[in-house]
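Have a look at the model below, and then we'll start with the ligand.

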Amino acid sequence: MTPDFLYGTAWKENRTAALTELAIRTGFRGIDTANQRRHYVEAGVGEGLKAAYRAGVVSREELFLQTKFTYQAGQDHRLPYDPEAALSAQVAQSVKSSLEHLGTDYIDSYVLHGPASGRGWTDYDAEVWAAMARERDAGRVRLLGVSNVSLRHLEDLATSGAEMPAFVQNRCFARTGWDHSVRAFCARQQIRYQGFSLLTANPEVLHHPLVADIAARSHATPAQVVFRFALAVRMLPLTGTTDAEHMRQDLVSPAVTLSSDEARAIESLA
Ligand SMILES: NC(=O)c1ccc[n+]([C@@H]2O[C@H](COP(=O)([O-])OP(=O)(O)OC[C@H]3O[C@@H](n4cnc5c(N)ncnc54)[C@H](OP(=O)(O)O)[C@@H]3O)[C@@H](O)[C@H]2O)c1
């Protein structure tokens, strides 16, 4: 089952293991990472998981582990595959390396980190997507996703006749109606939308009087109101907080009271 919140492990470098373990101890059951050493230490996530298992906090089956395939253009020199290999072989090598890093024999959700071109779904993406589906068919991956996509990418993918993703993971700006057109497409296609940078992309929302009033009334923080709003519009939010108190606050944000009128008002803040 997909949890209501994902803990993001980007940009944590040598704190990755300890913060992953802390997130699990605090109650997160969904972990997002990537086999992209430039921004993530996937092996550190694996160390954090191992520590949590060893301490009896959680078992593998209780967790939802999500990781990603990243094209060479999004990587630095620390590649999880042979850059000379065909893209489909790079996917297989990247999955194998992720399974080793995470100490598991399956990945709950495997995400294409971003399409090859900003202009539409290309033949490169089609090759990678087919290779990802083969990993799923072989049982090493359960669900597939795409990240950093536009409506055009999704429409191209649908037109190509390929299977649609279970997840879309995008940076979510309030000024685009919180990625309204992509979210609407996802709703129509029964794709679960994952939103990241909900706080960092939207400082104006965190300071908006509407959000401040709801926060004050609910004895909550503006960040909790934003996460509660995200859940109200059926997003699966990500948080990458490094702060134990913020972890706790994020996990209890579903308890913040938010009426449907208030959710609609936040949705149309831009
Ligand atoms: N697919 C992609 O291309 C992509 C790109 C970027 C990110 N992601 C994923 O999304 C995850 C989250 O990244 P993000 O861009 O949303 O930023 P983030 O890493 O979650 O940063 C959130 C910022 O807000 C602060 N903050 C303040 N109050 C908070 C609260 N109550 N709860 C949470 N944070 C609070 C945090 O500071 P404190 O640490 O002090 O709390 C932090 O500086 C990443 O770790 C990664 O897994 C994916």
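Start at aspartate 250: an N or O atom in its side chain is 2.8 Å from a nitrogen atom of the ligand. That counts as a polar contact, meaning a pair of N or O atoms within 3.5 Å. Threonine 242 does something along those lines with its side chain, where an N or O atom is 2.7 Å from an oxygen atom of the ligand. Glycine 8 uses its backbone instead, with a polar atom 3.3 Å from a ligand oxygen. How much of the ligand does the protein cover? On its own, the ligand has 880 Å² of accessible area, and the protein covers 80% of that (areas by the Shrake-Rupley method with a 1.4 Å probe).

Before going on, a word on what you're looking at. This is a predicted model, where local features need pLDDT of at least 70 and side-chain atom pairs count only at pLDDT 80 or more, while totals for chains, interfaces and linings use all residues. Residues are numbered from 1 along each chain as its sequence is written, and side-chain values use heavy atoms, with hydrogens and water left out.

Now step back to the shell around the ligand. It has 27 residues, and Asp32, Gln169, Gly240, Thr241 and His246 come nearest (being near takes a heavy atom within 4 Å). By class, the shell has eight nonpolar, 14 polar and five charged residues. Helix H10 gives the largest share, three residues (helices are DSSP runs of H or I with at least four residues, strands are E runs of at least two).

Where does the ligand sit? You'll find the ligand in the largest pocket. On a 1 Å grid over the protein atoms alone, a pocket is an open set of points where a 1.4 Å probe fits, with protein on both sides within 12 Å along at least five of seven lines; lining residues have an atom within 4 Å of a point. Sitting there means that more than half of the molecule's atoms lie within 2 Å of the pocket's grid points. The largest pocket has a volume of about 610 Å³. It is lined by 28 residues, and Ala10, Trp11, Arg171, Phe196 and Ser197 are the closest to its centre. H10 turns up again, with three residues as the largest share of this lining.

Finally, look for the second largest pocket, with about 210 Å³ of space. Its lining includes His180, Arg183 and Tyr193, and helix H6 (180-189) supplies the largest share, five residues.

Conventions
A polar contact is a pair of N or O atoms within 3.5 Å; within protein, one must be able to donate a hydrogen and the other to accept it, and residues adjacent in sequence count only if both atoms are side-chain atoms. Ala, Val, Leu, Ile, Met, Phe, Trp, Tyr, Cys and Pro count as nonpolar, Asp, Glu, Lys and Arg as charged, and the others, Gly among them, as polar. Grid points are joined across faces, edges and corners, and a volume is the space filled by probe spheres set on the points.
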